[in-house]
Amino acid sequence: MKNGRSFFMVRIIELIDDFKLNQEIIGRKPKYVEMCIWRLKRWQEYMETQCNVVDIEAVEPIHIKKYVQYRQQIGSEKPITLNNNIATLKVFFNYLIDEEYLEEKDNPMRKIKSLKEEKRVIRTFNDEEVKRIINDVKEETYSNIRDKLILIILFDTGIRVSELCNIKEADISMRSILIHGKGSKQRLVYISKTMRKYMRKFEEAKKERFKHKRSDEIEDFYFLDQSAKQLHRSRINKILKEHCNNVGVREEVRCSPHDCRHYFAQKQLRNGIDVYSLSRLLGHFDTQETTKYLRGLEQDSILEIGRLHSPLNDVGI
């Protein structure tokens, strides 16, 4: 018996609402919760209309497999998207087990495996393009100096654009920045000499720009728009696109802030960083996600990294 719950059936839709409440209580970001609930309700609707299943105890592995097959047959979703749906269902059922709505042996997701994804080679900026992009930004106004620092931080730390937008004044210290990442995870990223140089310029320009505003009129975020409000990701996308267009970046590079993250990861690997340390800097949950950046490296780069870190380099033979 599961806290008396074995005497009656529990409807899936009710448990989705319960799951949503729990995710909000533990501090999951609204967009993450919204996406999870959208995926779960789409699955719940399929279970009810196609399988005539409305109670959680009646869900079996075959239902999950048929649902994945159904999404495949529609043909509009790639394996990576389907795997995201599978991952959400796993999180949902793990929650139900934790709350004792189900026992582990009754978990229909227990043996459901992710689909094989196409191994896409990641194409990103090269050093010359990064240099041209950053140097294309003038240093004449508050916005200019802010935009230049934004690009420098994106390329130099690999943080996500959402993470950059959410940096607050209190997150900045002398040698590092506290980043509020996915899943309410926090991590530190370093402040390089180049970053520190431009952060000083930016902080002076920011102080001058808002010197006539009261403190309660200035939001506590590090990067602000002209009205002293938090800068949003759409503006950062435009900043990067504008300077990519100005300097003629190759067509195969999308010129999104996430490409700055790709550049950072591949450059760090070329410089010899180990995958575990890179995973920590990127805020990945495990190193498997990080290793995909190895696919974008040329064979010569891989060989050079191997030469630099040969096990016998320091043996003294």
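**Terms and their grounds**

Tutor: A search of the whole structure finds zero disulfides, a disulfide being a pair of cysteine sulfur atoms within 2.5 Å. This is a predicted model, in which local features need pLDDT of at least 70, side-chain atom pairs count only at pLDDT 80 or more, and totals for chains, interfaces and linings use all residues. Residues are numbered from 1 along each chain as its sequence is written, and side-chain values use heavy atoms, leaving out hydrogens and water.

Student: Why is C36 called buried?

Tutor: Buried means under 20% relative accessible area, exposed over 50% and partly exposed in between (1.4 Å probe, protein chains only). C36 has a relative accessible area of 2%, so it is buried. C165, at 6% relative accessibility, therefore counts as buried.

Student: What makes α1 roughly antiparallel to α2?

Tutor: The axes of helix α1 (residues 12-25) and helix α2 (residues 30-50) come within 10 Å and cross at roughly 170°. Because angles over 145 degrees count as roughly antiparallel, α1 is roughly antiparallel to α2. Among the residues making the contact are I16 and F19 of α1 and C36 and W43 of α2, where contact means heavy atoms within 4.5 Å.

Student: Which residues have the most contacts inside the largest nonpolar core?

Tutor: They are F125, I133, F155 and F223, in a core of 46 residues. A nonpolar core is a set of buried Ala, Val, Leu, Ile, Met, Phe, Trp, Tyr and Cys residues joined through side-chain atoms within 4.5 Å. The largest share of this core, nine residues, comes from α6.

Definitions and conventions. Axes fitted to C-alpha atoms, helices over the stretch in contact; angles between N-to-C directions. Helix = DSSP H or I, 4+ residues; strand = E, 2+ residues; numbered from the N terminus. Parallel < 35°, antiparallel > 145°, perpendicular 65-115°, else oblique.
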